Amino acid sequence: MTVAKDITPRAEDYARWYTDVVLRSTLADYSPVKGCMVIRPHGYSLWENMQRILDGMFKETGHENAYFPLFIPKSFLAKEAEHIEGFAKECAVITHTRLKAVEENGKTTVRPDPDSQLDEELIVRPTSETIIYHMFAKWVKSYRDLPILMNQWANVVRWEMRTRLFLRTTEFLWQEGHTAHATHEEAKEETLRMLEVYRRFAEETLAVPVLTGLKTDREKFAGALNTYCIEAMMQDGRALQAGTSHDLGQNFSRAFELKFQGADSKWNYAWNTSWGVSTRLVGALVMSHSDDDGLVLPPRIAPIQVVIVPIWRNEEQRVQTLAAASELAGRLRTAGVATRVDDRDNVNPGFKYAEWELKGVPLRLELGPRDLAKNSVMAVSRLDRSKTPLAIDSAPQRLLELLDEFQRTLFDNALERRESTRHSVENWDEFKEAVEAGGFISARFCEEDDVEAQIQEESKATVRVIPFDTPDDPGPCVRSGRPAKRRVIFARAY
RNA sequence: CGGGGCGUAGCGCAGCCUGGUAGCGCACCUGCUUUGGGAGCAGGAUGUCGGCGGUUCGAAUCCGUCCGCCCCGACCA
């Protein structure tokens, strides 16, 4: 395979490769503000597809969309002790509402107008639990007002020290579901229901296999009783948290006086859940499937599933192949295939091949005079460049099959990669060795917070998840030697 | 916040050491020939050399200072 220009090979420098792919495939670009990025049309269309599919799944499970404001009173954040602990260090604060032009060293510049200083400063939401449960409290009086099943699509800001395109940016796009229930049982069900929605979406749409389960107290959401997650494995052996679902218990309802009167006339605090996935999923997509030639996109999320490259040598052929390409494209679109005809005359076919490969289009159709003469078209897979000649008449049906197969292969490959790097270890030496090798590591753990901190300190690995189906398997903790009742999953993570 | 690197044309870079008024590749524009794996030839356009200050007859180049970005670590979805 020829290597795309300007893309650092994965084997040489994985981090550079990732950045090169994102920039060169025009998913995103750096913004003038540190840590922020511009999501370009190709990247944004991926997010739009994610939004459309997830939104449908949220609606199917009974949720409604709403929108809560970007600004939150500073005092709100302080109402839940753990929550403030977790987020205080990364909040952007609004202190003034106006700028004022001032002369400085003979130049005009702008400064916050001292006269416009806010009495109560505002924070830019790092997440919206506080304002949402404040509002829920206003709306809920009776058990008949429950459950509330709400979701919002929004941007949030977390002032991170180190950022990476899509994986961690100062501002990012996400959805946050927030619900309120009359019983803890119901809230727990909701938490797990939405985690399952995320699992299905990751595996079936993004072709990203995930482990599902519980976070340790150390890794859970600030303010939650329990955090559940979907955890994916990237090609370089590092894990990526791809989505979280929180059982908030009554922590926020107590802080925000979210109470309801039950059928027995008694007042109770409501039980809350929240759950979210973000534009980080775009990064997960890139790091799960792409290669040294650029992006590889799963058909079910790809903005363009099939690109037709017409080939000609003269004007007559140009007219003929373009007409055939456009006719075929029409039939493909009718069949539900997102199709693009690349009719540009200023670049040659080889350039187009390379460019669409860089952008991750799953299947390419080469359509030239030789194909037309045989009433066929050549399908080429983005995965391995394997070629499949198709009769033009039956092409739509065959392409739907090929796209399905492509989707399956991507998932299978990712799953195989994950399983082949998965290790079970018995002692600390094996553990450290496995961490260096990368991948998920199954090890007995005493589940003590200080030991978890020590493990992270010494190995850079963290507990990613305690999988749902984890059986009891008593033995000594891999680090402390204290009794451990089961194994948990460790890895180095993004 | 610590360590490292880098700011020169849209992008990638050379020039800086040893001061003399800015260059290469790609991209872009025009024309012709091309087109089944990133085309060729010819012509053309493009710069407050990150900002400010200093040294000097003269600064991209030397000195000071500020700013910004990227990478690596501590924090995190």
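Visitor: How many helices and strands are there in chain A?

Guide: This is a predicted model, and chain A holds 14 helices and 26 strands.

Visitor: What does the radius of gyration say about chain A?

Guide: The value is set against a rule for globules of a given length. Chain A has a radius of gyration of 26 Å, close to the 23 Å that the globule rule gives for 494 residues, so chain A is as compact as a globular protein of that length. Along the principal axes, the C-alpha atoms fill a box of roughly 80 × 70 × 60 Å. Of the 494 residues, 40% count as buried. Among contacts between residues at least 6 apart in sequence, 68% join residues at least 24 apart.

Visitor: Which domains does the domain assignment give for chain A?

Guide: The assignment gives domain 1 as 14-91 + 126-289, domain 2 as 93-124, domain 3 as 306-402 and domain 4 as 423-491. Between the C-alpha centres of domain 2 and domain 4 the distance is 50 Å.

Visitor: In what order do the strands β4, β5 and β8 stand in their sheet?

Guide: The order is β4-β8-β5, in an open sheet of 3 strands with antiparallel pairing. β4 (71-73) and β5 (93-96) each have a single partner strand and stand at the edges, so one side of each is left without a neighbour in the sheet. Neighbouring strands here are turned by 40 degrees against each other on average, direction ignored.

Visitor: Over how many bridges do β5 and β8 pair?

Guide: β5 and β8 (residues 117-124) pair over 3 bridges, in the antiparallel sense. In this pairing I94 stands opposite L122 in β8.

Visitor: Which residues touch the most other members of the largest nonpolar core?

Guide: A core is read as buried nonpolar residues joined through C-beta atoms within 7 Å. The largest one has 92 residues, and A202, V208, A232, A242, L285 and I441 touch the most other members. Helix α12 (residues 395-420) gives the most to this core, with 8 residues. Not counting residues up to four places away in sequence, A232 touches A202, V208, V210, A239, L240, A242, A284 and S288. Another core, of 27 residues, lies apart from the largest one, and I72, F136, M150 and A182 are among its members.

Visitor: Which residues of helix α10 are buried, and what do they pack against?

Guide: In α10 (residues 349-358) the buried residues are K352, E355, W356, E357 and L358. They pack against α1 (14-24), β17 (306-310) and β19 (363-367). Just after α10, G360 takes a positive phi of about 90 degrees.

Key
Residues are numbered from 1 along each chain as its sequence is written. Chains are lettered from A and ligands numbered from 1 in the order in which they are written. This is a predicted model: local features need pLDDT of at least 70, side-chain atom pairs count only at pLDDT 80 or more; totals for chains, interfaces and linings use all residues. Domain bounds come from an automatic or database domain assignment. Two strands pair if DSSP finds at least two bridges between them. Helices (H or I, at least four residues) and strands (E, at least two) are DSSP runs, numbered from the N terminus. Axes are lines fitted to C-alpha atoms, for helices over the stretch in contact, and angles run from 0 to 180 degrees between N-to-C directions. A residue is buried if 20 or more other C-beta atoms lie within 10 Å of its own, exposed if 12 or fewer, and partly exposed in between; C-beta atoms are placed from the backbone. Two residues are in contact if their C-beta atoms, placed from the backbone, lie within 7 Å. The radius of gyration is taken over C-alpha atoms; the globule rule is 2.2 Å times the number of residues to the power 0.38.
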